[in-house]
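The following exercises concern a protein chain and its three-dimensional model. Please work through each task before reading its solution.

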Amino acid sequence: MRRSWTLRRLLGKSDGDPLRVVGVGAGAWGSVFCALLQDAYGRHRDRVQVRVWRRPGRAVDRADAERLFEVINSREDVLRRLIRRCAYLKYVEARLGDRTLHADEILRDGFCLNMLDTPLCPLKVVTNLQEAVWDADIVVNGLPSTETREVFEEIGRYWKERITQPLIISLAKGIEASLDPVPRIITPTQMISNATGVPLENILYLGGPNIASEIYNKEYANARICGADKWRKPLANFLRQPHFIVWDNSDLITHEVMGGLKNVYAIGAGMVAALTNESATSKSVYFSLCTSEMVYITHLLAREPEKLAGPLLADTYVTLLKGRNAWYGQKLAKGELTLEMGDSIKGKGTIQGVSAVNAFYELLSQGSLSVMHPETKKTVAPVELCPILKTLYKILIKRELTTNSILQAIRDESMYDPRERIELAQRQSLYRPSLLGLPKGDAKA
């Protein structure tokens, strides 16, 4: 409990007044994050209380109920826990079709609908948003970026009379594009600040190379908490566990944007893997080309892009290996999913890379951000030097091309050597602080 002392003091918590942590949204990572805190602090409810909000009413279908029953009966610890809680019978009945389970109901028993094979610790679940957040000290945003603004606008209404400012940790990896008055990126932390009035210095981003189920199963992992000096080190200490090491960094917005960028290229990686029958050679060619595009884009976004190379590549690597965006690209290429099904997929949640493709393309196609083309020596929009991003946009957003076009994009004879794109980025003065809504010369938020 010593790890919470500094944080409690900064938040003005007196003895006997518990630190109230609330997760908003119960996707895989949001649920696991709260379950990690419950595992670490659940024995000290007088000091730390953890609860999760999720929307009520979402039914668990028969196939998922049957899968839950199998998982429960394969894990003696889970079986015994449910029997002790008098909760086992409802899973028997659901499997037989005699009753309907709901997502918030199974979450109380430790099952996330997007991660059925990984039983979590039981969580305190609240389905009334106002009840969940009104007195929260720390709010964890586990929502997709596409839902963040709407939910936090509602939260902002509940906080109008609030005297103290909460801390907010955002796990969302996605962005929006704003083109007026100048092209710029809007990140989830900025959405939250705008929606609630909570200053950006009280909002932090946690990201890193991690897969939710593996972290909960205590595979070694690390992450970065990014934000204001006052909060990030105490929060890093509070969140850190033996198998989950949390570093800290002051660069909030740029790290957050990088978390969204890697999802874009992960979708293409999944397509390439499926279309080439998991060819290691083809996947490595794609990796070389897509990372060179990411390096190029990073030079547009950061004054010192080299500092982002390690976190960006690590997060990209794990997402390509086992993330939901790469999975989505594979399923599209195999014909097992279609674009008409949307970007919210049963058992996986929201595929945030789809909206990020649209946002990055919209931003980087603006002529006001023009760069010099290395061959024609004419100014062009930055997206003209990002052929993979252009192809993904035409596949996923415009729907003008099929998934096979991703192979044509990486096999195009006119494609630059990835080294040339990186050298071009290093040689030209590409940094556009306005893309992050920053004044010229600033590199941090």
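A residue counts as buried under 20% relative accessible area, as exposed over 50%, and as partly exposed in between. The model used here is predicted.

**Exercise 1.** Determine whether lysine 377 is buried or exposed.

*Solution.* First, locate the residue: lysine 377 lies in the loop between strand S15 (371-372) and strand S16 (379-380). Next, take its relative accessibility, which is 57%. The cut-off for exposed is over 50%, so lysine 377 counts as exposed. As for its backbone, lysine 377 has a positive phi of about 60°, although it is not a glycine.

**Exercise 2.** Classify arginine 399 by its relative accessible area.

*Solution.* Arginine 399 is found in the loop between helix H17 (387-396) and helix H18 (405-411). Its relative accessible area is 44%, and therefore arginine 399 is partly exposed. Its phi is positive as well, near 60°, in a residue other than glycine.

**Exercise 3.** State which strands stand at the edges of the open sheet, and explain why one side of each lacks a neighbour.

*Solution.* Begin with the order of the eight strands, S5-S2-S1-S6-S7-S10-S11-S12, whose pairing is mixed. Strand S5 (125-126) and strand S12 (244-249) stand at the edges. Each has a single partner strand, so one side of each has no neighbour in the sheet.

**Exercise 4.** Describe how strand S10 is joined to strand S11.

*Solution.* S10 (residues 203-207) and S11 (residues 221-226) run antiparallel and are joined by three bridges. Within S11, isoleucine 225 is the bridge partner of leucine 206.

Technical notes: Residues are numbered from 1 along each chain as its sequence is written. This is a predicted model: local features need pLDDT of at least 70, side-chain atom pairs count only at pLDDT 80 or more; totals for chains, interfaces and linings use all residues. Side-chain values use heavy atoms; hydrogens and water are left out. Two strands pair if DSSP finds at least two bridges between them. Helices (H or I, at least four residues) and strands (E, at least two) are DSSP runs, numbered from the N terminus. Buried means under 20% relative accessible area, exposed over 50%, partly exposed in between (1.4 Å probe, protein chains only).
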